[in-house]
Amino acid sequence: MNQQQLIDSTVEEERLHQNKEHEKFWYRWGPYLSERSWATVREDYSFNGDAWTNFPFEHANARVFRWGEDGIFGVSDNKQLVCMNVALWNGKDERLKERMFGLTGPQGNHGEDCKELYYYLDNLPSHAYMKALYKYPFKKPFPYKELVEENAKLGYEDLEYEIYDIDGVFKDSKTGDSPYFDVVFEMAKNDDNPDDLNFRITVHNRSKTDSGELHIMPQIFFRNTWDFEATNKCVKPHMDRDPKETNLIHVSHPKFGPTQILFQPSPGGFGETAEEADDIDPKLLFTENESNLVKLFGEKENDSKYTKDAFEEYLVHGNTAAVNPDNTGTKAGADYHFKNIPAGEYVTVRYKFTNDPKNNIFHVPELAVVDEDEFDQLFDRREEEADNFYWRINPLPVSEELRKIQRQAFAGLLWTKQFYNFVWREWYNGDKNAKIKPPPNRANGRNKNWKHMYIEDILSMPDKWEYPFFASWDSAFHCIPLAMIDPEFAKKQLDLLTREWYMHPNGQIPAYEWNFNDVNPPVHAWATYRVFKIERNLYGREDRPFLEGVFQKLLLNFTWWVNRKDENDNNVFEGGFLGLDNIGVFNRSEPLPTGGTLEQADSTGWMAFFSLQMLNMALELAKENPVYESIASKFFEHFILISDSMSFEYSIGEEDAKCKEIIKQNLWNEDDKFYYDAISWGDGYKQQLPIRSLVGLIPLYASMTLEPGIINRFPAFKKRVDWFVENRPEIFGRNIASMSKRGVGERLLLSLVTKERLQSILTRMLDENEFLSDYGIRSMSKYHKDHPFIMDVHNTQYKVAYLPGESNSGMFGGNSNWRGPIWFPTSFLIIEALQRYYLYYGSDFKVECPVGSGEYLNLVEVAEEIAYRMISMFIKDENGQRAIYYGKHADLLSNDDNFKDYISFYEYFDGDTGRGLGASHQCGWTSVVAKLINDVGLSCARYPRTPRSSVSLSSATSESMNGTPLVDGSIARRWARRKSAKSLVNFTSNILELTEDEKRSHRIGGTRTGLTPRNSVSSELAKEIMDRQLEEEKLLDVTSSGDEDPLEIKSQLLNSVKNKMQGISLADKPVSYNNTDDSAYDSDEKDPMDK
């Protein structure tokens, strides 16, 4: 990209371009510390694999981590060599607050659970600006013991005991006061130097009556690598206080050379006398990042006189001898002691880490200082740049509430990047210099066959406290919203998991560190092709080398699935738990108590879905390389055989001395019109397990339309398709008749389900007494609330019932539940599947939604309705409450002035109430809500919606259709539901990231329309044009007549804006992604500091 092409880019886009071209390394520093390194599998050196007790929370402050550091709002380089975080102490707590606290798996009544309140508020892909908030009580000590003890009293049927259940911690029930501190952390990188990091901590006392004491201690330390090096040639890094300037530390690391960190004096006064008060000067403390073996294990002496827990010893216990008086070490902290922060007041701490002190630091007697006006202006610029960048991502006039939700979803996704370090050889056998060696065959040989693994990368985590490790199918969903804001990082995540130091030589993709051998759903191909299309659609770049490189590795993975998970070679697959934990009546990762093999509808559906995604990619690659045409034929045949085997089973019988093919139903149940798992004992003896769950909806995912133009473009592929249609008509006749019957636009449809089966499944899925919740799609039908499935095996009863909230058992740790709650990733795939079906069946195919309402919608309208419901759980209702906070504390979390704007992105959600469950601090896949907001946010913003869709058009009066409350006080959700076929096609094509050629082929008598959510024009100019256009056409008037088609309006708006922007759009030129050279997307590979 030349300078002219960057004219209309935002500053953040220029940074990403500089990083990609290795001009400046903006990725080098970021939020790469974990929030929990204790009690992880990597740090577990026990004989029985009990990671929770082998390295407990109580050890974390005094025991060195082998594989990675943690901390509150931790920042590090991309190899986690130099680390920084924040420590706090309110003068009352039993320990220094250096890391987030939570319950272990055995301690929690629903598994592990973080018991802190913190929120990710902002972040940029380059991490040039980051912002987060932590809530820290000061009137009462942090309730470590109470949280453990009270949760221990609870059972599986009880709600978890949370920190805001304790009166007086965040809200006093008698006085209504809020005696806690809001600790706002910000980091901003210099305008031109990505190694110049500026930090600002602002602490607000939220009490109206009480003042509070607070120690704020920013820390800097080196990850301890020297104790674990294979040789003694390691150069140990060190840091030293400047001999003259008492607030300046010289940091020396072999990789980074000399750097400095300066801790600015903080203003110490308040109110009218603020300028007269003395500053709060930081007291610098030093120690070593070494274990306190005497405290931990009762040894006679430590290897180092000064240990990791020195600052806690010094502050909390008054042990002044714990810190190094020579002001040198491998860990340092700056203690800002505010003895009394008045009610309603705030304090500010500023500090800077830089490799360019000459241009940034000024010197006065005994102090080094920065210009605070210039320092704060830097943060103002970064915030404004972040505003511009995210406006470019979504320039449509959606509501500010939706923008806030989307912005925080992106922020959490970026904050949950983490340096992940795992080298199997050293982990399994022990480090050469380590005193403690892992026991032979520890944990029954956990991960013993993954000898090739060598990981030291920045990875997207599901949740840096509850899941501080990668999970392969989680990562795939993270990459969808990541591709919207940083496609290079998204592509790297997908590529890494298929590289030879991750993927097993047999082709298996590692699941997660508790058991790399476990099997996650095969969604990697879908995510790869989706990211490819998102980048093409939003950024105008086609990274075919990326697509081809990952495709080649996925051929190995597909082969592994076929060879390892199809035991009977009948194209019906097993797979184990497949990420759905407790969804079955048995633990699907263990041998069945009944004997036999579990043939899984979801596993087989996933494999059909996998086949179609590989077919999609093969056809895409065949556009430039004809070799892939025959590979496309291979996956077409795979899909056909899987599709037929999922519904039918064949055997040869004898009748009148003649062989005859006998056809039986397989996983499809003709009576219930639904797919079920089945236990097979061989010899044709099989028993279905009639549980209505997500297992029976997953087959919907496997769908794909084939355009006549695509088929005609590839004659060899067309020939193979025609051969199947002509020579295997029985397959198409009974299962996928749509291959021989052309749909809208003469398209063909590849699908696991016929039109009749699709209609039957949707009848259950869209029934609010079964799968359809006010907030999305339940993972199990509500039918099983009153009709549980029960099976007796060897005098043991196994039972599955509808559970909308937390699990009622300890299966898979008890911290997740797939027997009723709503999960974003699986619902997101249902939405996409409905959109694809619409492109084949068109607007004439309608289903009742919800069942019993009398209202019939086509499939893209159904998809839109589900998306609305999912988004709605984050939006405040008529009482100002968010469904995600449903419960007795909903008013505090939704309406309190100091809580109401903060969103938690939970792991999953209650199937009845929308209450957030599981991991609470940005479980990465829930951030796909950001993509849904881009897709349907415009219409969602214009038309008021209630949590339920219970009013049909036929019963709505003209008054109610203009947004006026109905007789029962609700607001009609369907008053502008009529949509033209053209607008629906355009809408669906944009959401599915189709090319312009593909969009044209999908339009019936239409013209080229549609503007992608991101355009290569300056955000200011685009916004000005957009606003002017809105004003001219009065498109923001929510009281407009019900005859308007919101999607037609959206298309008109986008086209009008696009026409006015013609001639000024400067798209980025495609840049090749070379999969054989990681440097194309990994700045660290070409980093001159990385030897």
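These legends walk through several close-ups of one predicted model.

Residue numbers start from 1 along each chain as its sequence is written. Because the model is predicted, local features need pLDDT of at least 70 and side-chain atom pairs count only at pLDDT 80 or more, while totals for chains, interfaces and linings use all residues; side-chain values use heavy atoms, with hydrogens and water left out.

**View 1. The whole chain and its confidence.**
The protein chain holds 28 helices and 38 strands, taken as DSSP runs numbered from the N terminus (helices are H or I with at least four residues, strands are E with at least two). Of its 1091 residues, 66% are buried, where buried means under 20% relative accessible area, exposed means over 50%, and partly exposed is in between (1.4 Å probe, protein chains only). Among contacts (heavy atoms within 4.5 Å) with a separation of 6 or more, 73% come from residues 24 or more positions apart. Mean pLDDT, the predictor's confidence in each residue on a scale from 0 to 100, is 84 for the protein chain, and 81% of the residues reach 70 or more. Residues 1-6 have pLDDT below 50, and that stretch has 10 contacts in the model beyond near neighbours in sequence. Residues 941-979 also have pLDDT below 50, with 100 contacts counted in the same way.

**View 2. Inside the largest cavity.**
Rolling a probe the size of a water molecule over the atoms shows where empty space is left. On a 1 Å grid over the protein atoms alone, a cavity is a set of points where a 1.4 Å probe fits but cannot get out, and lining residues have an atom within 4 Å of a point. Grid points are joined across faces, edges and corners, and a volume is the space filled by probe spheres set on the points. There are 16 cavities of 30 Å³ or more by this rule, and the largest has about 410 Å³ of space. Its lining takes in 21 residues, with Lys 533, Asn 616, Thr 705, Leu 994 and Glu 998 the closest to the centre. Two or more lining residues each come from helix 12 (524-539), helix 14 (601-622), strand 29 (703-706), helix 21 (824-841) and helix 26 (996-1002). Sorted by class, the lining of the largest cavity is 9 nonpolar, 4 polar and 8 charged residues. For that tally, Ala, Val, Leu, Ile, Met, Phe, Trp, Tyr, Cys and Pro are nonpolar, Asp, Glu, Lys and Arg are charged, and the others, Gly among them, are polar.

**View 3. Asp 210 and its partner Lys 139.**
Look for Asp 210 in the loop between strand 9 (197-205) and strand 10 (212-222). Its side chain makes a polar contact of 3.0 Å with the side chain of Lys 139. A polar contact here is a pair of N or O atoms within 3.5 Å; within protein, one must be able to donate a hydrogen and the other to accept it, and residues adjacent in sequence count only if both atoms are side-chain atoms. Setting aside neighbours within four places in sequence, Asp 210 also touches residues including Phe 138, Asp 177, Asn 205 and Ile 341.

**View 4. Arg 95, a buried loop residue.**
Arg 95 sits in the loop between strand 3 (82-89) and strand 4 (102-103). Why does Arg 95 count as buried? Its relative accessibility is 12%. Beyond neighbours within four places in sequence, the contacts of Arg 95 include Trp 89, Tyr 144, Glu 312 and Val 316.

The peptide bond from Cys 849 to Pro 850 is cis, with omega near -10°, and Pro 850 belongs to the loop between strand 35 (846-848) and strand 36 (856-858). His 22 isn't a glycine, yet its phi is positive, near 60°; find His 22 between helix 1 (11-20) and strand 1 (29-30). Gln 80 is another non-glycine with positive phi, about 55°, and its relative accessible area of 0% makes it buried.

Key: On a 1 Å grid over the protein atoms alone, a cavity is a set of points where a 1.4 Å probe fits but cannot get out, and a pocket is an open set with protein on both sides within 12 Å along at least five of seven lines; lining residues have an atom within 4 Å of a point.
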